[in-house]
Amino acid sequence: MTQAIDQLISARWLLPMTDRQVLEHHSVAIQGNQILDICPTNTALERYQPNQHRDLGDQLLMPGLINAHGHAPMTLLRGLGNDLPLMEWLQDHIWPAEGRFVDEAFVADGTQLAIAEMLRTGTTCFSDMYFFPETIVETAQQHGMRIQSTFPVLDMPTQWGSGPEEYIQKGLALHDRVRNSNLATIAFGPHAPYTISDEPLRRIATLAEEVDLPVQIHLHETAGEVDDSIQNHGLRPTRRLAELGLISPRTQCVHMTQVDDHDLKLLQESGAHVLHCPEANMKLASGACPVQRLLDAGVNVGLGTDGAASNNNLDMFGEMQSAALLGKLSTLDAGATDAYSVLRMATINGAQALGIDDRVGTLEPGKQADMIAVDLGDILAQPVYDPIPHLVYNTNGRQVTHTWVAGEPRLIEGELQRMDLHGLRERVNQWQRHIAAADQH
């Protein structure tokens with residue numbers, strides 16, 4: 001007797017990311033928001049009676065990609081102040097634009113634009129750090145996107161709050177509101193060691209342990225940041241944070257382009273995670289994270305795009321290719337950051353860093369059905385000898401045809417399902433005109 005289920009999705013290839021194995025002619029059985037079974041398609045057709053059966057032909061099913069670090073609203077600043085070093089780019093272009101334009105409307109439209117791009121290119125979960133996180137979470141929930149929202153904490157006042165105490169209060173209130181959400185989680189987001197002083201960092205370390213929330217922070221983004229910390233505090237930033245109690249298995253260290261032996265040992269012993277953003281680091285000439293060295297030491301490394309303002313896109317397939325190629329170039333080792341390791345960084349490693357690997361990051365029974373379909377049948381993708389390196393070295397996000405989040409289709413045959421793109425384009429064009437005019441003055 002066949003079992004009635006909600007969905008059956010079949011494809012030529014299936015990459016569960018539980019190991020290096022690629023399954024051929026398999027299907028994913030989905031009941032509610034969870035994966036019920038993965039088995040050969042012939043077996044699935046005998047075993048199940050689905051309400052909907054989608055046969056994808058020469059496509060590949062895999063876990064949805066996890067963009068472990070970004071600033072979604074800054075998608076409205078895509079391309080502003082190109083070809084400049086980090087601090088000049090921030091001080092002369094980004095911070096003035098943010099000071100003038102960032103409000104809840106800016107954040108809502110920028111987040112929706114980012115979500116459209118991410119869903120279209122295979123990202124099903126993103127971690128975000130920006131002002132008005134309440135609006136970011138609400139927008140993500142409206143469009144059925146999985147999110148870790150890391151609320152910013154800085155010493156200085158911003159449009160969102162007056163200082164560390166207010167930021168923390170607002171962030172914890174947001175956590176209380178979404179604590180039962182299936183798709184949204186909250187984390188502390190102290191911006192960077194150079195924008196927040198010791199006392200708020202100590203308080204965050206204490207609260208993170210009490211409330212059991214992750215902490216994401218920009219760390220060792222440039223050599224200048226490290227040098228300034230040694231001059232101002234007598235310590236490298238990692239050591240300073242460790243002495244404040246802020247380096248632990250909850251900590252998500254973004255960038256880490258500067259890693260010496262002491263940093264590496266601290267990451268190893270603490271269980272902290274590193275989030276690698278290769279394209280933003282290359283574009284801003286910030287440095288290269290020593291990914292293979294970290295992986296060899298047992299440090300968990302996830303992958304993120306950073307914001308579209310410094311990338312200039314949110315395509316995680318492009319990010320995977322950049323991570324693989326930069327890893328090889330920076331070590332002069334063609335075997336470094338191999339394709340499977342990079343795919344892990346974009347899936348299960350990211351889930352582990354965000355603390356949601358019990359729910360997503362691989363395709364296996366009991367996990368939620370966050371998955372994507374990638375078309376490997378196009379003539380531009382031929383021939384396919386091994387789908388794993390093919391995904392990293394040949395594929396781009398435009399080859400994603402379907403995206404599911406918790407079993408719900410968000411992209412079908414390349415078409416977004418819950419978004420008014422015409423209205424979004426009009427609002428984005430209005431923002432562009434205003435921001436461009438202000439940037440010229």
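## Salt bridges between the two domains

Across the interface of domain 1 and domain 2 there are two salt bridges, a salt bridge being a side-chain nitrogen of Lys or Arg within 4 Å of a carboxyl oxygen of Asp or Glu. Arg146 forms a salt bridge with Asp370, and the closest N and O atoms of this pair are 2.7 Å apart. The structure is a predicted model, in which local features need pLDDT of at least 70 and side-chain atom pairs count only at pLDDT 80 or more, while totals for chains, interfaces and linings use all residues. Residues are numbered from 1 along each chain as its sequence is written, and side-chain values use heavy atoms, with hydrogens and water left out.

Between domain 1 and domain 2 the count is 11 residue pairs in polar contact, both residues being at pLDDT 80 or more. A polar contact is a pair of N or O atoms within 3.5 Å; within protein, one must be able to donate a hydrogen and the other to accept it, and residues adjacent in sequence count only if both atoms are side-chain atoms.

## The side of domain 1 that touches domain 2

The elements that give two or more residues to this side of domain 1 are β5 (59–63), β14 (371–375), α15 (387–393), β15 (400–405) and β16 (408–412), where helices (H or I, at least four residues) and strands (E, at least two) are DSSP runs numbered from the N terminus. Of these, α15 gives the most, with five residues. By class, the side of domain 1 that touches domain 2 has 18 nonpolar, 10 polar and six charged residues; here Ala, Val, Leu, Ile, Met, Phe, Trp, Tyr, Cys and Pro count as nonpolar, Asp, Glu, Lys and Arg as charged, and the others, Gly among them, as polar.

The domain assignment, whose bounds come from an automatic or database source, gives domain 1 as 3–64 + 367–416 and domain 2 as 65–354. The centres of the two domains, taken over C-alpha atoms, are separated by 29 Å, and 34 residues of domain 1 are in contact with 29 residues of domain 2, contact meaning heavy atoms within 4.5 Å.

About 2,500 Å² is buried between domain 1 and domain 2, and carbon and sulfur atoms give 63% of that area. Met17, Val392 and Tyr393 supply 26% of the area that domain 1 buries against domain 2, more than any other three residues. Buried area is the accessible area (1.4 Å probe) that two parts lose on being put together, summed over both.

By the salt-bridge rule, the count comes to 18.

## Backbone details in the loops

A cis peptide bond joins Asn311 and Asn312, with omega about 20°, and Asn312 is found in the loop between β13 (301–303) and α12 (316–331). Another cis peptide bond joins Gln382 and Pro383, with omega about -5°, and Pro383 is found in the loop between β14 and α15.
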